[in-house]
Amino acid sequence: MLEGLCFMDARLYIAVLLSAFVLSCLASPLAIRLAFKIGAVDRPERRKVHTQPMPRMGGMAIFLSFLICLLFILKVSGPFTGMIYGACIIFLVGLLDDIFQLSAWVKLLGQIAAAAVAVHFGVIVHFVTNPFNGALDLGSLSIPLTLLWIVGISNAINLIDGLDGLAAGVSAIAATTMGIIALIKGQPEVALVTFALVAAIAGFLPFNFYPAKTFMGDSGSNFLGFVLGCLAIIGTAKSAALISLFIPIVILAIPIFDTFFAIIRRVHNKAPIFLPDRDHLHHRLMALGMSHCRSVLIIYSVSAFFSTVAIVITFVSSSKANVMLALLLLLVVLAAYKIGLLSGEERQTSPRVEGHTRNVGL
């Protein structure tokens with residue numbers, strides 16, 4: 001999948017990581033200036049708590065640095081090619097939304113088109129967990145479920161992009177974990193691509209962490225979700241092991257469960273599923289009196305905890321891993337109920353919150 005490269009050469013890793021990081025650092029200020037020039041600006045309104053216009057296409061820095069590394073340094077092929085083509089589509093759709101505010105249906109069609117391109121080049125889920133017999137071959141359901149997974153993760157990352165540095169940091173933690181597990185499983189090409197994404201995010205994060213100089217915008221959050229969704233599939237495509245199929249879900253537990261609980265909450269409250277609200281995880285933490293930075297750092301910590309669990313279950317037996325996953329699920333549900341993620345109850349203890357909320361839809 002990567003042409004003519006020796007994966008054991010540490011210089012390659014250093015070159016890729018430094019290139020992605022430096023390019024992202026250099027591109028971020030340029031993206032900020034360009035956003036103001038073309039009108040990709042997030043202006044204050046009722047659901048948003050930032051008080052001044054903010055450029056919202058900072059994700060361009062991550063996209064360009066990652067793309068350059070994959071095309072000119074790594075020279076990827078195979079499923080990675082589909083990931084690149086699809087990433088370009090979803091980034092452009094997100095960029096148009098950052099500038100012109102596209103309708104939800106137009107964005108969804110763009111996401112599906114991007115996912116379809118990835119599927120065409122071999123980014124496909126072939127198995128799902130069968131609790132009674134290891135794994136189940138999906139057959140004709142492979143393509144629709146793959147599309148659902150990629151589009152779902154793309155939107156899930158977009159939904160947690162509600163505080164400075166939140167989506168970027170959670171994505172970096174998830175990508176780092178995917179890279180570590182790829183190395184453990186003997187997939188150095190997946191690891192190298194994943195670490196390139198981490199380095200690109202790291203170069204952008206200083207401009208996005210509180211107080212942010214720029215938002216990543218839908219162009220950035222959808223791009224990150226799309227790439228993470230594809231990498232999760234590529235990293236497990238050759239494995240039918242029961243536990244391997246759970247690993248991407250555990251790694252991406254924060255955005256996945258936040259989206260799932262948003263749907264449950266709106267059904268419970270008899271509200272339209274696509275109606276925006278202020279009851280996502282970061283909203284609930286701030287409603288409990290957490291500061292902007294503390295809320296972000298808490299979610300970072302929880303994400304790191306899930307990532308640690310994902311790494312641990314790669315080393316334990318299936319029976320022990322099943323027990324760990326069951327306990328983890330119980331813990332997640334209890335915590336969600338405790339802080340109001342399921343009901344959306346108002347528990348505001350501090351009348352003033354900092355930061356911004358940009359989520360639309362779920």
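## Basis and confidence

This is a predicted model, in which local features need pLDDT of at least 70 and side-chain atom pairs count only at pLDDT 80 or more, while totals for chains, interfaces and linings use all residues. Residues are numbered from 1 along each chain as its sequence is written, and side-chain values use heavy atoms, with hydrogens and water left out.

The chain averages a pLDDT (the predictor's confidence in each residue, from 0 to 100) of 85. Of the residues, 84% score at least 70. Helices (H or I, at least four residues) and strands (E, at least two) are DSSP runs, numbered from the N terminus. Confidence is highest in helix α4 (residues 104-120), at a mean of 96. Strand β3 (residues 127-129) is lowest, at 67.

Where pLDDT is low, the predicted coordinates should not be read in detail.

## α2 against α3

Helix α3 (residues 79-100) packs on α2 at an angle of about 160°, with the axes 11 Å apart. Axes are lines fitted to C-alpha atoms, for helices over the stretch in contact, and angles run from 0 to 180 degrees between N-to-C directions. The two helices are therefore roughly antiparallel. Angles under 35 degrees count as roughly parallel, over 145 as roughly antiparallel, 65 to 115 as roughly perpendicular and the rest as oblique.

The crossing of α2 past α3 is left-handed. That term applies if the near helix is turned anticlockwise from the far one by less than a right angle; clockwise gives right-handed. From α2 the contact includes Phe-63, Phe-66 and Leu-67. From α3 it includes Ile-84, Cys-88 and Phe-91. By class, this contact has 12 nonpolar, one polar and no charged residues. Ala, Val, Leu, Ile, Met, Phe, Trp, Tyr, Cys and Pro count as nonpolar, Asp, Glu, Lys and Arg as charged, and the others, Gly among them, as polar.

## α3 against α8

The axes of α3 and α8 come within 7 Å and cross at roughly 160°. The pair is therefore roughly antiparallel. Here the crossing is right-handed.

Residues of α3 in this contact include Gly-86, Ala-87, Ile-90 and Gly-94. Among those they meet in α8 are Ser-219, Phe-223, Phe-226 and Cys-230. The class count is 13 nonpolar, five polar and three charged residues.

## α7 against α8

Helix α8 (residues 217-236) also packs with helix α7 (residues 188-208). Their axes come within 11 Å and cross at roughly 160°. That makes α7 roughly antiparallel to α8. α7 passes α8 in a left-handed crossing.

Val-190, Val-193, Thr-194, Leu-197 and Ile-201 form the α7 side of the contact. The α8 side includes Phe-223, Leu-224, Val-227 and Leu-228. By class there are 10 nonpolar, two polar and no charged residues.

## Salt bridge and loops

The count of salt bridges (a side-chain nitrogen of Lys or Arg within 4 Å of a carboxyl oxygen of Asp or Glu) comes to three. One of them joins Asp-42 and Arg-56, with the closest N and O atoms 4.0 Å apart. Asp-42 sits in strand β1 (residues 41-42), and Arg-56 in the loop between β2 (54-55) and α2 (59-74). The partners are 14 residues apart.

Lys-75 lies in the loop between α2 and α3. Its phi is positive, about 50°, although Lys-75 is not a glycine. Pro-211 lies in the loop between α7 and α8. The peptide bond from Tyr-210 to Pro-211 is cis, with omega near -5°.

Key. Contact = heavy atoms within 4.5 Å.
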